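Dear colleague,

I am passing on a structure that I would like you to look at while you read this message. Please keep it open beside the text.

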Amino acid sequence: MAADIGHTTDHDWRFWCAAFGDNKCPELYQVLTPYRGEEFGTESLNAAFQELVQGRPPGEMRIIDRSGIALNDKVIQIKNRPPSNPIWAWAWPTKRNEQVEVYNGELGFANPHSFDAKNMSWAGFRPVRCQVSFSSKPDYAVGYGRDLGKRPDGGRLRREDIDENLELAYAVSIHKAQGSEFERVYFVVPKHKQTLLSRELFYTGLTRAARHCTLLIEEDISPLLSMRRLERSRLMRINASLFSFRPVPDDLRVLGGWYEEGKIHSTLTEYMVRSKSEVIIANLLFDRDIPFEYEAPLFAPDGTFYLPDFTIRWHGQDWYWEHLGRLDDVDYRNHWETKRAWYDAHFPGRLVTTVDSGDLTKDAAEVINSHFTA
């Protein structure tokens, strides 16, 4: 992935620095992703962004003490350093080293250490330390690496292993971003792996943006459609409540890792469907060799859309089959009336329906015989 990016120019580098302002506030822009691994995870994205921003391949970067972090990288603190285990930092107001608290999730930039100023023009220079400016501590430059200088009592500052304290933060996971807020968020939403992306995590990612959120969705909007399912909520699948108790259906409690789109019933085709009634319809269509899609988004000219249960291409025309399984429910019935009016307005004459009955197999077969036979 990084190999396709190319190298930045001096102009690109100045643009990157200017984007974060004179004070280099790291919270102005942030890429978020639900995952750590794979090409859409933090590891791959950070490697790609690092090469883009640094403008050179990893072998030519000024990596700090073999940590994988280079000078000027955006970084995140990954280890709590509370009052019981503080870290040393150069305090600009007092012009001396002081101990400060730094906590997991704080963002900053890995700046060259003041000790290395005379070496920065040497092309072969490899730093062993850096100073991180955290937005929450504008008066301090927190030291990492080795040979960091002296304490106020004259003793040497201890080594602070960079890989134990810092990670690249061009892209961070939603979990690590919890509790943080950014001006602009770029949210990576993968399509083919959504086992971690629950409704709650998706909401957390969206609400990290104070001003603007851009969704970077893989291929199509199906990941967003999947978020509409009640089954994608982690909270809805917990058999617990503070004030009332509603048991979770067994089907939802036993879903495995394969469960991607909220469908829990197998058919003779590639599709998983939501109800046993839809299994009957899907298997009948398959048995009659009638091509169909299940819950394919159907967009109207005005931009609105629904998900027909079945979309059937027959003799060059598209037909839409809706199975009405809960007409005894008032909310379901009202929603269906709105949906039917939408079909009448945008796709007149292209809708067929079935309802739950004593013999759905017979009713569905009659629909097929009347509409989808040669």
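What follows is a short account of what was found in it.

This is a predicted model, in which local features need pLDDT of at least 70 and side-chain atom pairs count only at pLDDT 80 or more, while totals for chains, interfaces and linings use all residues. Residues are numbered from 1 along each chain as its sequence is written, and side-chain values use heavy atoms, with hydrogens and water left out.

The chain has ten helices and 19 strands, which are DSSP runs numbered from the N terminus (helices H or I, at least four residues; strands E, at least two). Of its 374 residues, 43% count as buried, that is, under 20% relative accessible area with a 1.4 Å probe, protein chains only.

The largest nonpolar core has 20 residues; such a core is a set of buried Ala, Val, Leu, Ile, Met, Phe, Trp, Tyr and Cys residues joined through side-chain atoms within 4.5 Å. L285, F310, I312, W321 and F372 have the most contacts inside this core, where a contact means heavy atoms within 4.5 Å. Helix 8 (276–287) supplies the largest share of the core, five residues, and strand 17 (310–314) is one of the other elements that supply at least two. Apart from this core lies another, of 19 residues, including I64 and F134.

Finally, S222, which lies in helix 6 (residues 222–227), counts as buried because its relative accessibility is 18%.

Best wishes

Technical notes: Buried < 20%, exposed > 50% of the residue type's maximum accessible area, 1.4 Å probe, protein only.
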